[in-house]
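Please examine the sequence and the structure shown here before reading on.

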Amino acid sequence: MEQLRLGVLVSGRGSNLQSIMDACDRGETKAKVVVVLSDNPDAYGLVRAQNAGIDTYVVKPSDYPDRDAHNAAMGDILERYQVGLICLAGYMRVLAPSFVERFRHRIINIHPALLPSFPGLHGQEQALNYGVKVSGCTVHFVDEGVDTGPIVIQAVVPAFHDDTEETLSARILKYEHKIYPAAIRLYAEGRLKVEGRKVIIEGDPHKEWAVTNPPLDF
Ligand code: GRF
């Protein structure tokens, strides 16, 4: 089967990019990263991609008159690489509606909270300040809003009263690195169908489960 071609957008550290590249290398995703783009020349994600022999591009917003033009330049590169799915992995800018429309249902993002709670920046800190007992991460399709698109997969982790932003972020990040490659595999296998706000997953086992934090028996 032809492999799905991925274009990944990063602004920083790139640990999700790394988890995607590693899962692709292990043959777990039916996909491969063909190009990595960044708005930030200092993003460590660029180094990770280069170490893996993947082409990288820095597309600086300040080189363009507006966001539409900047995003269009990124879109042209992604099309040149015949990318089938665009993965935002710590890309810190909101995409232009024209870009979202051009690649409708072909852009996914990972967010470090259980959407629709705590969208935007510092999702983990927002969740802690609210006093939640569980949090987690969400992979979703990108629409014109900020972290508002149809949800593909979520993972739940406990949040403890003495967590710091760092400890909760680390707990969530472990699962980001699991659910992002899983979402890509589902997409690559053609098992995701978007119907309005809902993502229908072909073959979803409908397994029932529940977690509590704290556990009920302590
Ligand atoms: C992750 O927490 C991701 O959920 C959020 O930005 C962070 C990026 O981390 N969108 P990394 O660059 O993938 O290490």
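The sections below treat the ligand site, a strand pairing and some backbone features.

The model is predicted: local features require pLDDT of at least 70, side-chain atom pairs count only at pLDDT 80 or more, and totals for chains, interfaces and linings use all residues. Residues are numbered from 1 along each chain as its sequence is written, and side-chain values use heavy atoms, without hydrogens and water.

**Ligand site**

Around the ligand lie Arg13, Gly14, Ser15, Asn16, Gly90, Ile110, His111, Pro112 and Glu176, where a residue is near if one of its heavy atoms lies within 4 Å. Helix α1 (15-25) and strand β5 (107-111) each contribute at least two residues to the shell. Helices (H or I, at least four residues) and strands (E, at least two) are DSSP runs, numbered from the N terminus.

| Residue | Protein atom | Ligand atom | Distance |
|---|---|---|---|
| Serine 15 | polar side-chain atom | oxygen | 2.6 Å |
| Asparagine 16 | polar backbone atom | oxygen | 2.8 Å |
| Isoleucine 110 | backbone N or O atom | nitrogen | 3.0 Å |

On its own the ligand has 370 Å² of accessible area, of which the protein covers 86%, as computed by the Shrake-Rupley method with a 1.4 Å probe.

**Strand pairing**

Strands β8 (residues 192-195) and β9 (residues 198-201) run antiparallel and are joined by four bridges; two strands pair if DSSP finds at least two bridges between them. Glutamate 195 has lysine 198 of β9 as its bridge partner. Two residues separate the strands of this hairpin, in which glycine 196 adopts a positive phi near 60 degrees.

**Backbone features**

Most residues other than glycine have a negative phi, and most peptide bonds are trans. Histidine 105, although not a glycine, has a positive phi of about 65 degrees; histidine 105 is located in the loop between α4 (97-102) and β5. The peptide bond from leucine 115 to proline 116 is cis, with omega near 10 degrees, and proline 116 belongs to the loop between β5 and α5 (123-130). Asparagine 213 and proline 214 are also joined by a cis peptide bond, with omega about 5 degrees. Proline 214 falls in the segment after β9.

Key
Polar contact = N/O pair within 3.5 Å; in protein donor to acceptor, adjacent residues only side chain to side chain.
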